[in-house]
Structure formats: structure tokens, C-alpha cells
Amino acid sequence: MGQEDLMSTAEDVADQFLRVTKQYLPHVARLCLISTFLEDGIRMWFQWNEQRDYIEATWSCGYFLATCFVLLNLIGQIGGCVLVLSRNFVQYACFGLFGIIALQTVAYSILWDLKFLMRNLALGGGLLLLLAESRSEGKSMFAGVPSMGESSPKQYMQLGGRVLLVLMFMTLLHFDSNFFSILQNMVGTALIILVAVGFKTKLAALTLVVWLLAINVYFNAFWTVPAYKPMHDFLKYDFFQTTSVIGGLLLVVALGPGGVSMDEKKKEWGRSSEHVRDSRPHRRCKKRSNWIWIRSWTSLIFNLFLFPGVIRSAAAQRCRREQGYDVIAYLANIGQDEDFDAARKKAEKLGAKKVFIEDLRSEFVEEFIWPAVQANAVYEDRYLLGTSIARPCIARRQVQIAQKEGAQYVSHGATGKGNDQIRFELTCYALYPQVQIIAPWRIPEFYKRFRGRKDLMEYAEKHGIPVPVTPKAPWSMDANLMHISYESGILENPKNHAPSDLYQMTKNPEDSPNEPDVLEIDFIKGVPVKVTHVKEGKSKDTPLEIFCYLNEIGGKHGVGRIDIVENRFIGMKSRGIYETPGGTILLHAHLDIETFTMDREVRKIKQSLGIKFSELIYNGFWYSPECEFVRHCVDKSQENVEGRVQLSVFKGQVYILGRESPKSLYNEELVSMDVQGDYDPCDASGFIKINAVRLREHNRLQGAAQKKL
């Protein structure tokens, strides 16, 4: 096996390790990194008097200041560790722990001990990496897409963190003349240089983790020394400091080297070469066109700089000048929580010639959600189609803009494995047959270069593109007025429970109010026209207000949470978690008023149409002749679905309390046990006998067959 084969095999092993551990590695890294602070803080608690006496004797600062020093160490270290592990105020925690390192460096005279000083600096390098990671976090502006702050400071934090981390290994070098020491020094020096300059960074860092872990367990085995011996504390100190440096290296493995590294420069050179190779075939595309990018900001951020075969902003800018492409950005407001002004500025900064931000909330409710309510649209018995029904709404306006601007191309950021690519594209082709579609996640050059969100984030960071990312929330989200969906990341394992902090639209039913909200919902032709809070007397009567208010009430009581494994149209099963508070309330209310006012046999047919309608929505066929036909039939079925439903929303449940309708098919006198009404009980005898004919004949046949046996 040659050198290249050996290196390739090692990188494959490292990649396999990362794939298996990617969900857990950042958490393990953070725990290891703060372990020295955690151990020292606990030691301050149990050795309070000894630590205070040492400081008082060493610095002659008096009892009060010595006590303050120990207290500051205790609170600063334990508090900082808690904040880091809980992912709250991590940046403040890092600054606090930096302060603890500086304070202890002076207080314990570490400043004059080169070995311990270098170890403290290495520990500071780990905190720099943790600080760099925390800069990726923040409240996501866009549902389901990561957020990121300014890129340059983070890149230099990662560089500084890597350089400081390797100082730990310089304390492990031995200047002996034996072969083992020389080999160890050569290999160790080579690895620390690779990590410092960022070349083969993940492999080098992972190798150092293994090496340092072995050294730590072998040389710093404090548990083998009795606690009363001074060596016990020295070994314990070294053990946890080394563990913290291991945590920093694991962060390097998890995060990558950052933009200021040889690895990133290699990628740039590779992409530049690829651009030179691929540019010639595209030079014939001189015709001026417009590209419209869909709502997905993963798509927008990266596809603003994408054309076939090239994914790099500088090359793409150059190609656009050569080929004359204009980029038009499009963002649909369908009720998600976003800063739309900031979104416009970002799109313009990224080079969009025009930016369309369209408020589609009212038409989303009236033209898409209301038909789903009329149909009782539920996919596979539980999913209320919040994402599915939003896609044709988004894509329809995209097509309208494309036609208005004379665009020949549209694009979207949906993955090559999911349903959304089908929904977006079937809508585009149905409404704009001659359009051409760019789907980056189906272009080999794209999905091989960006294998997941992490690669995309690294690319964004390198090119100064601010996008939202939340390592704290390792799953994908999609939000709109109707619902929020969660999938991917740690949710890909169906047995993993949803974290308690996952839900954003609904409260935990256990924490919801102890008093129900009683509502009255009025329907005309199967559409809600008014909702009234019985106790408060508050009413809403416009479609958007009605749905938003039901979301508010349902969210307050934790209504509409489901966790399912569903069948994607493309042919695979996927696990999804959904919260649809307002839609769930309306489903219960509409089912009740529909049963109250609709003929039994019509309702049976309509139920089957509802199932078909749900499948059509889920599979992306909103704009199809069969879906138009089904919608027309559903509309016809709703002509007499009129009335008022009173219900209670409480602790995750919707309870129907009563209903009334001028078009009710319920006849109280006819059904009463106390009044005869227009019904002769004797008629039931013939009815029963007629229905029994089939059963008697079946039994006769079965009896004859048994006698033959």
C-alpha cells in the first residue's frame, strides 16, 4: 500500500468516525473542554479552607480578599460550566472562564512556569474554539435554516484556538536520545504543525486526540495514587487539563479548521481549477436570462452564486458577467417569524438584482388552508399537511414573478430525497410549462461539494454570508402560518424522543393553563367565518385573524403535536414531528358540523375524496386536473355545512361541547326515546328481515359446507 493509499484509508476511517459520531461529538467535546473548570470548581468547594489559606499566605491579602478569590473561582467556574453545557449565554461564559484562567495564572504564579503557562494557553485555545462555535448560534431568523454571525472574527478565533491548542503538545516533547522519544517527537511535531496550519486538519486532530488520550490515561492516572499524597492532586490537575485540550481538539474535528487554513485554500484552488475546466462549454450561453430563487434561504444564499458546475462566489460573479445572468431573489411571507427587512438587505448584499418579498398570508389561508379544512385533509390519518399545502402557494407566486420578469429559469433549495422538490417543480411546470428548473441538490458538483448543512455553513462563513445555524438545535425546521415541522438530525433515529425544547408553536400540555378556553366557531359552506371566545367575548371574523387566533389558543394549551413516521412520495419512510394548533382545532370543529349537516351516504363518498385530496396535496398535484375535480366535488359537498360549534381547548385536547345549525339533519323528535314522532317501529321488522336475507343465505351455505366435511 502506497503513501497516498494509506492516507486515503486513514481519511476514510476518520470520515466514517465523523459520520457515526456527528450527532454527539460536539456535546462530548464541550463536556471534555470544560472538565478542568468543573473539577476545579468542585475542588474549590471541598477544599475551601485550604485554598483560602494558600492565597492568604502567598499574597498576604487578608482573610476577606482570599475568601473573595475562592468564591469567585467557585461561582465563575461552576456557573460557566453550567452555561456552556446548557448552551445559554455561551459567549459570556467563555469570557468568564477566560478571566478565571488569567486570574489563576497570576494567583498561582503560573506566569513564571513555562510548562504550566503553555498548558493554560492551550486551555484558552479550547475556549476560543468554543467561542467560535457559539458565534454560530443565535435565534434562527428563518425557520429550519441555520444562523450565523460575522464570519471573519470566527475564522480568526478558530485559527487562534488551533495554534494555542498545540502548545499542550510542546510540553509533551522529550529531548532524550532514545529511538522512541525521537519518533514520538517527530510524529507529534508533524501533527501539531498540521493542526496549526490547518492541513488535513480533522485527520491530524483526531490522531492527536487518540495519542493524547493514551498518554493522559497512562501518565496521569491520579486514581492509582492515594488521595493524601501531593502527587494525586498534581496528576489530577494534569489529567483534567489534558482532557480539556482533548475537548478542544474534538471541536476542531467537529467544526473543521475554519476559513484561515490550508484545507480551505486547497478547496479554493480546486474549485478555481474546476471553473477553468468547466467554463468553456458554458461560454455559448450568452443569452440574457433571469434566475428566480425560491423561499428556501439555504437555496437563496448558495444559489445566488451557483451555475452548473461551479459553486464559488468569485467564479460565479465572473461567469455572470460573461454570460449576462441576473439574479432575482424571492421570499414568501406565509406566516413564519422572520425579519423581512434584514432579509432584503442580505439578498441585495449577496448580489440580487431585484428582491421580491411577498406577503401571501391571506391568500395562503383563504385559497389553500380553507379548502384543506373543507376536505378534512389528513395524510395517513394524522398529518395535517402544513408544509405540503404551503408549497403550491409559494411556487405559484414564484412563477408569476418569473413570467412578469421574463425569467427562463427558476430554482429551489429542496433536497433530492424529499417531497418538496416534487411539489415545487410540479407547480412550476403546471403553471409555466416552458420554464427550466435548476435544482442544486440534484447537481452532482453541488451535492458532492456540500454533503450537508455543515459544509454549507463553512462555505457561508468563508465568503462572509450571514445565514442562521443552531448547533444547539440539531434538526431541520419548516415554519408557516399553519404549522412547524421538524425532521432530520437527531430525529432521524425514530426511537429518539423529541427534546423538550424542540417545540416552538405549542406549550407542553403539562405546563398549559389549568382552565380551558371555550370557543364558538361559525361555519358557512364548510369555511370558518367567525370565532368567539365565550368567556372573554372576543371575536375574530377575517380568515387571517381567525386562523392566527386559533393558533394562539391551541398553542397555549399544547394542541396539535404529533410524532409520526410517514411515507414520502419518492418512496422512502421519514420521521417527522409536527405542531398544528389552529388546524387541529378546526379539524375537530369541521368534522362535527359536517356530520351534523351532511347526508350519510354523501359523507361516505366525501370521506374517500378527502383521503384522495390529502394524497394529491402531499404528492404535489395541487395544480392537476384530478385535484381540480376533487376540489370541485368537495366544494359541492359543503353547500349545507353551516352552523356553530362550541368546543373546549384544554391540556392538549379539543373537546366538542355542542353544535347548532339552521341546516341540521338532526331531528330531535324523530330520534327521541320519549316521543313517537313520524316513525313506526313496526317498519323496523321488515327492514331487519330484508337485511338478514344475505346473512341467512351465507349461514346456510357455510352450514352445508361443514356437513360435507
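I first noted that a cavity is a set of points, on a 1 Å grid over the protein atoms alone, where a 1.4 Å probe fits but cannot get out, and that lining residues have an atom within 4 Å of a point. Grid points are joined across faces, edges and corners, and a volume is the space filled by probe spheres set on the points.

I am reading a predicted model, in which local features need pLDDT of at least 70, side-chain atom pairs count only at pLDDT 80 or more, and totals for chains, interfaces and linings use all residues. Residues are numbered from 1 along each chain as its sequence is written, and side-chain values use heavy atoms, without hydrogens and water.

I looked up the second largest cavity, which holds about 90 Å³ of space. Its lining includes I369, A372, L586 and H590, and α23 (581-597) gives the most to it, with 4 residues; helices here are DSSP runs (H or I, at least four residues), numbered from the N terminus.

I then turned to helix α25 (residues 625-637), which has 13 residues. C627, V630, V634 and S637 are buried there, where buried means under 20% relative accessible area and exposed over 50%, with partly exposed in between (1.4 Å probe, protein chains only). These four sit on the same side of α25 because they cover an arc of only 80° around the axis, taken from the directions from the helix axis to the C-beta atoms. On the other side of α25, P625, E628, F629, H632 and K636 are exposed.

Terms used
Helices (H or I, at least four residues) and strands (E, at least two) are DSSP runs, numbered from the N terminus. The expected span of a helix is 1.5 Å times one less than its number of residues. On a 1 Å grid over the protein atoms alone, a cavity is a set of points where a 1.4 Å probe fits but cannot get out, and a pocket is an open set with protein on both sides within 12 Å along at least five of seven lines; lining residues have an atom within 4 Å of a point.
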